[in-house]
Amino acid sequence: MAQTSSKRIDFTATPRERATPSRGQSRWLEALRQPLPFLAVVVFAIIFALPVYWMLVTSLKSLDEVFADPLVWWPRQLIWGNYPDALQQFPFWRYLANTLTIALPVAFGTTISSAFVAYAFSRLRWRGRDAVFYLILGTLMIPNWVTLVPLYILFSRMGWLDTYKPLIVPAFFGDPFSIFLLRQFFLRQPQELVDAARIDGASHLRVFLQIMLPLSRPALVVVALFAFINSWNDFFNPLIYLSTPEKYTLQVGLFNFFGLHVVNWPGLMAAAAVILAPIAIIFAIAQRAFIEGISFTGLRG
Amino acid sequence: MNTTIRTPPSSNPLTRFWRRLKRSDGLAALAFASPWIIGFCWFQLYPIVASLYYSFTSYNILRPPVFVGLANYQNLFLHDELFLTALTNTAIFTLVSVPLGLAVALVLALLLNRDIPGRAAFRAIFYFPAIIPSVATGILFILILNTQGGLLNVILNRIGLPALPWLTSPGWAMPALILLSLWGIGPVVVIFLAGLQDVPRVLYEAAQLDGAGPIELVRRVTLPMISPVILFNLVIGLIAALQTFALPFVLFANKQDANSIGGPLNAALMYSVQLYSVAFQQFRMGYAAAMAWVLTVIIFTLSLAALRLSGRFVHYE
């Protein structure tokens with residue numbers, strides 16, 4: 001069931017999208033003939049994009065322009081100095097280093113561990129495989145809150161509180177969503193490749209490392225990017241596990257900066273924009289892979 | 001590796017199990033799956049069992065847990081007004097924001113499913129807000145929803161509507177939170193769109209030949225064909241909405257006053273925020289575990305109900 005739907009998904013581009021350039025002109029004609037749906041999309045898009053524009057434009061305003069009526073859509077003078085000012089008002093570079101210290105190992109650990117597990121659920125034959133796989137998917141329904149208290153107590157007994165270990169170590173034990181994504185991708189690779197290598201005496205470890213992983217690079221990149229972004233954006237776990245301000249991540253740092261400087265809106269928006277920037281850049285580059293990855297999740301039927 | 005050595009059949013079940021493991025890919029599977037197996041036991045199975053135990057205790061970490069039977073659960077439902085407020089607020093938030101989000105996302109997906117120019121760009125615009133970190137989103141909307149001179153209120157004024165105290169009045173805090181949740185529906189749109197693109201064109205053409213109008217097409221072809229996707233988004237949406245934490249926390253938790261976490265008169269006190277407060281501000285771990293279990297039971301009941309009811313209206317190919 002899941003296998004058939006995965007065949008339709010191509011992580012690089014859907015056939016329909018590849019066909020668009022030649023049909024671009026007729027699309028515009030169609031939009032002119034029936035302008036209402038197109039206009040509706042434009043209006044929605046403006047509503048969705050406006051807050052982001054407001055963040056960027058506010059980050060370049062002077063203080064008296066922030067709540068000015070009439071609205072200041074474009075500042076009289078672009079105050080780029082808001083950016084260095086904001087970054088000086090909280091230890092930005094330290095928080096950046098802390099965040100990367102967490103997010104990079106998390107991205108690596110999630111990808112490699114999930115790939116291992118996905119191999120067991122796609123290319124190996126054993127009894128109860130599909131039942132266990134559904135159990136993995138089922139764990140997605142378990143609310144984090146129910147495991148939180150015992151984990152916190154456990155980590156505190158292990159002396160892990162106020163360290164990065166509770167934020168990094170769990171990533172090395174596979175993530176259900178990533179396992180699912182990679183399993184579907186592995187299933188699409190030709191079984192003959194695996195069989196041929198096995199007959200030549202290659203161990204499963206070699207098949208995995210030398211055939212599966214290289215073939216699955218696009219899927220691995222998607223999983224790593226998702227993991228990186230989730231870790232970068234994570235607010236809750238650093239909030240509860242880190243107590244020393246020097247160890248804070250960017251998200252917790254921004255939250256505290258907000259508490260202290262609630263009137264400095266241009267500075268706050270500058271800080272928010274800087275913290276958003278890497279995510280925006282990753283999204284701009286890998287947008288298609290990203291959206292394919294998300295589309296993919298809904299298609300398990 | 002594949003050389004099977006014939007050994008006499010053994011009556012020992014353990015030996016037989018071992019031999020079967022060696023003959024199939026069982027051993028390799030065990031090795032490859034071991035990260036998840038260890039992780040599942042360490043980060044899910046043990047904590048779930050432990051939190052059920054803790055939920056029957058009074059426990060502040062410093063001193064060992066004391067068994068109190070059902071007292072935590074009794075206190076929650078009989079004596080804890082903040083809990084009941086949080087439960088009610090979260091129920092309202094979920095019951096409004098999830099169906100509303102599904103409807104808006106479906107409309108957007110239907111619009112994008114037409115052959116409009118720049119579709120990929122629009123899809124990206126709708127998706128992007130969902131990956132903006134909640135802290136940035138929260139602070140940005142405190143700015144935009146500001147009563148005096150905030151972007152939204154100035155626009156409302158301009159079109160002749162009164163300015164509203166979005167985040168500072170008990171009446172508007174929840175509507176504001178629900179509206180903001182709509183900003184993050186991008187992934188739902190994308191999943192719907194993928195579902196819509198899988199609907200065979202032939203079906204539309206056949207229905208059109210039979211004289212179906214655009215509304216009938218949606219009702220009789222599109223909706224039944226994407227009903228599994230609707231169910232998927234509904235269940236995922238319910239689970240996420242019931243656990244909403246970061247956005248309401250950033251919007252309403254008062255930095256100066258740790259007791260004020262739910263906005264004006266706690267009108268936007270969400271379940272997760274209250275749970276966070278009980279666990280990590282008051283360190284009442286047993287009580288927090290009981291709250292977590294109540295939430296888990298609610299989530300499982302609702303998910304199962306959705307799946308059960310789905311038999312009636314979800315259409316599988």
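**Conventions.** I number residues from 1 along each chain as its sequence is written, letter chains from A and number ligands from 1 in the order in which they are written. The model is predicted, and local features need pLDDT of at least 70, side-chain atom pairs count only at pLDDT 80 or more, and totals for chains, interfaces and linings use all residues.

**Confidence, chain A.** I looked up pLDDT, the predictor's confidence in each residue, from 0 to 100. Chain A has a mean of 86, and 90% of its residues reach 70 or more. Helix α9 (residues 165–168) of chain A is highest, at 97, while helix α1 (residues 2–7) of chain A is lowest, at a mean of 37. The pLDDT stays below 50 over residues 1–22 of chain A. Beyond near neighbours in sequence, that stretch has 23 contacts in the model. I take helices as DSSP runs (H or I, at least four residues), numbered from the N terminus.

**Domains, chain B.** I found domain 1 at 13–54 and domain 2 at 73–313. These bounds come from an automatic or database domain assignment. The C-alpha centres of the two domains of chain B lie 36 Å apart.

I count a contact when the C-beta atoms of two residues, placed from the backbone, lie within 7 Å. Chain A gives 78 residues and chain B gives 83 residues. On the chain A side I found 54 nonpolar, 18 polar and six charged. Here Ala, Val, Leu, Ile, Met, Phe, Trp, Tyr, Cys and Pro are nonpolar, Asp, Glu, Lys and Arg charged, and the others, Gly among them, polar.

**One helix pair.** Next I looked at helix α4 (residues 35–58) of chain A against helix α5 (residues 119–127) of chain B. Their axes come within 9 Å and cross at roughly 35 degrees. Axes are lines fitted to C-alpha atoms over the stretch in contact, with angles from 0 to 180 degrees between N-to-C directions. V41(A), A45(A), F48(A) and A49(A) meet F122(B), I125(B) and F126(B).

**Positive phi, chain B.** Most residues other than glycine have a negative phi. L265(B) has a positive phi of about 50 degrees, and N266(B) has one near 55 degrees. L265(B) lies in the loop between α13 (246–252) and α14 (271–281) of chain B. N266(B) lies in the loop between α13 and α14 too. Are they buried or exposed? L265(B) counts as exposed because it has 12 C-beta neighbours inside 10 Å. N266(B) has 20 inside 10 Å, so it counts as buried. The cut-offs are 20 or more other C-beta atoms within 10 Å for buried and 12 or fewer for exposed, with partly exposed in between.

Definitions and conventions:
Helix = DSSP H or I, 4+ residues; strand = E, 2+ residues; numbered from the N terminus.
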